Amino acid sequence: MSGKHSMRANGDNQSADGAGSAGHVVIESPSKADGAALWRIARDSKKLDLNSSYAYVLWCLDFADTSVVARVDGKTVGFVIGYRRPAVADAALVWQVAVDDSQRGRGLAGKMLDALFARLADEGVRYLDTTITPDNEASIRLFESFAKRWEATLERSPLLAADDFPDTHEREDLFHIGPLKRA
């Protein structure tokens, strides 16, 4: 891994409890210690497929270079986890995006995506891929907004059908965004 990357998000001076300008948002690569917070945020979202706590800890170890966390006053309040696609060298897939209830509605998910893909674009990533269920309107808006900010094309196509899953799960559509151009 290439080390810890971080940035400050401009224009967001809310504290973790939403109480004003006490805290600054810092967006950086996760560490092993973030695994528990990622699991909690994913669990509390009641929207994401919850992976085991072990999976989130391993993700923070093995995929820190393709993931970010957001912190306010040192507390982890959001994350984007992703990975470089093995069969598509210039694409990274966003696996999950989540923001703590205390920070929702402040544009933090978009700031995390922008920070992550600014770094990845510098490393040769030209496309963001993600999968979204048709009923997840918030995620659809988030990635449409990302494509617009990055002046990139968004292509949507079927990827996984409901019967591809062993349990009850909606289909997942692939959102392919790019090419990404560094501003």
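This is a predicted model: local features need pLDDT of at least 70, side-chain atom pairs count only at pLDDT 80 or more; totals for chains, interfaces and linings use all residues.
Residues are numbered from 1 along each chain as its sequence is written.

Me: How many residues of α3 are buried?
Reply: Helices are DSSP runs of H or I with at least four residues, strands runs of E with at least two, numbered from the N terminus. Buried means under 20% relative accessible area with a 1.4 Å probe, protein chains only. Among the buried residues of α3 are L113 and F117. α3 has 15 residues, and the buried number is 12.

Me: Which residues touch the most other members of the largest nonpolar core?
Reply: A nonpolar core is a set of buried Ala, Val, Leu, Ile, Met, Phe, Trp, Tyr and Cys residues joined through side-chain atoms within 4.5 Å. The largest one has 33 residues, and those touching the most other members are L113, F117 and L128. The largest share of this core, 10 residues, comes from α3.

Me: Which element supplies the largest share of the lining of the largest pocket?
Reply: A pocket is an open set of points on a 1 Å grid over the protein atoms alone, where a 1.4 Å probe fits, with protein on both sides within 12 Å along at least five of seven lines; lining residues have an atom within 4 Å of a point. The largest pocket is lined by 37 residues. Seven of the lining residues, the largest share, come from β5.

Technical notes:
Side-chain values use heavy atoms; hydrogens and water are left out. The expected span of a helix is 1.5 Å times one less than its number of residues. Buried means under 20% relative accessible area, exposed over 50%, partly exposed in between (1.4 Å probe, protein chains only).
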